[in-house]
Amino acid sequence: MKPDGGNVIISKVFYNASKGAESGNYAYGEYVELFNNSADTVDVSGLYLGLVESESGKTAYTADTIAADETLKARLNGKVVLKQVFQIPTEGNTLLPSGQTLIICNSAIDHTTLAKVGHDLSKADFEVKTSNVKYVHNDAVPAMNMVYTFNDATDFMNLSYSGPASLVLLKNNDKAIDLENPIFALGKDKGNQYVVANLYYCVDAVEILNNVKNKGIDPATKRIGGTYDAGYAATETAGTYNGETVYRKTAFAGDRMFLYDTNNSSVDFISSASIQPRAYETQATGFTDSTFVIPETGYQLVQTQKSFVGPHNVCFTYITGNAKNSDLNYNGFRGDSLLLAQSNWIATGKPGTYTISLSDAQPMQKVPSNLLTWSDDDRKELTGGQKTRSIYKFQNIKDNVGFKRVPQTADGGYNVADFTDGNRLYITLTTAMVEAFYQACGATSVENFDFIPWHGATPQQAETTGISTLATEAAKNNMIYDLQGRRLYGTPQRGLYIMNGKKHLAK
């Protein structure tokens, strides 16, 4: 369970509304759907759902407008302006199992006979209990908490049917939303006031723009920065009340369904007037299987040319490094937890043959700066600005797994590696990184720092047994790492940790 929202994403938004079954327009059946894209059950209690302001023209807080105004940029850099904020109740736990959905709507009734494109929302998970009598409520469906609205009379979820209808999902953190310092709509001395949300606490963000008749979509109306959504979603048909829902594409690994999440809604989303609540496309990108073997050591390099899903009992690790830290950072993921990116990975598990499923879909877990490098050539020499770097080759020897520095060159460097032994995986470290690392790894000097022991997931960690209690006094004399391979320097809190290559439980 991950109380910060984990890999829960905004997966479906029915904002464009529909024509009424007989006549007129029908906007009461709008809804937002969340999806747990991870392999674990997630506690979504307290998550905030924020509706981005939907002003138009010169009064909108678009990314371009903010970038062009130094005062706005100083206040709103890395933030977004919201017109409404709702919260999933914090009383008790709202658990969302892997691959399951959660629906939030204004009117949790069956709308199928009331609109030309209506959905049965009678079994929605949460309802916004508006005072607007036009919205029929379902007493059996619990209420969302109203945290903020720009207009007291607008206490329903004000998804703009004409767009933009952008949304953010935020962690339950006091710093996520600034309720004390509202901001006025641009160009207006009086009128609507909005609140500012810090996207540092963002779980997911989806930009939804208006597809205007005879004009199309204007990317300049984007509010959310490219770090959180590089593109935008929109209905395929221009105009309003067309009954279309925007929703994420799917990919499958066996019976497991994944939704696209690349932080680019132009890639992730499509739209349809026929898609139903809690349903997704079945004719999606498939997977092809590939096998690899973990030897007796329990470690094996896995190179993937596509996104992939691995076995549950194998941990896939990539490595990053920073001279400001005193060790390598091991980023480990259980094989079936996410759709992982193509890259160089070290798989850790019990010896045996395993199957991974490869996909053309975009990965949900990217690899930003993997230190693991593979050489296709028998000899590698770092030149130019990298000449002062040191090469450490991966050593996959039972009871002595890690990275061994290559022999010193005639001019005193460690920048030339020979790969004729068949071991072609290596990392390169700057001089500053070597100096920062050597003491943490037990070396007496930089020159003696010729081996970096493995601190990431171990074969024992992939199993469900072998957990021992971590005594605080004993822990003081050992190097302790969390399950992601990060070294701890203080007293361990309650939970699981790695010490001497084995899992231990701190109480």
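Among contacts in the chain (heavy atoms within 4.5 Å) between residues at least 6 apart in sequence, 74% join residues at least 24 apart. The model is predicted: local features need pLDDT of at least 70, side-chain atom pairs count only at pLDDT 80 or more, and totals for chains, interfaces and linings use all residues. Residues are numbered from 1 along each chain as its sequence is written, and side-chain values use heavy atoms, without hydrogens and water.

The chain has five helices and 40 strands (DSSP runs, H or I of at least four residues for helices and E of at least two for strands, numbered from the N terminus). Of its 507 residues, 52% count as buried (under 20% relative accessible area, 1.4 Å probe, protein chains only).

The largest nonpolar core has 30 residues (a core is a set of buried Ala, Val, Leu, Ile, Met, Phe, Trp, Tyr and Cys residues joined through side-chain atoms within 4.5 Å). Ile10, Val13, Val32, Leu49 and Met157 touch the most other members. The largest share, three residues, comes from β1. Met157 touches Val32 and Leu49, among others. A second, separate core of 25 residues includes Tyr260, Phe333, Trp345 and Ile356.

β24 and β28 (residues 352-359) pair over three bridges. Phenylalanine 308 has leucine 358 in β28 as its bridge partner.

Conventions
Buried < 20%, exposed > 50% of the residue type's maximum accessible area, 1.4 Å probe, protein only. Pairing = 2+ DSSP bridges. Lists of a residue's contacts leave out its neighbours within four places in sequence.
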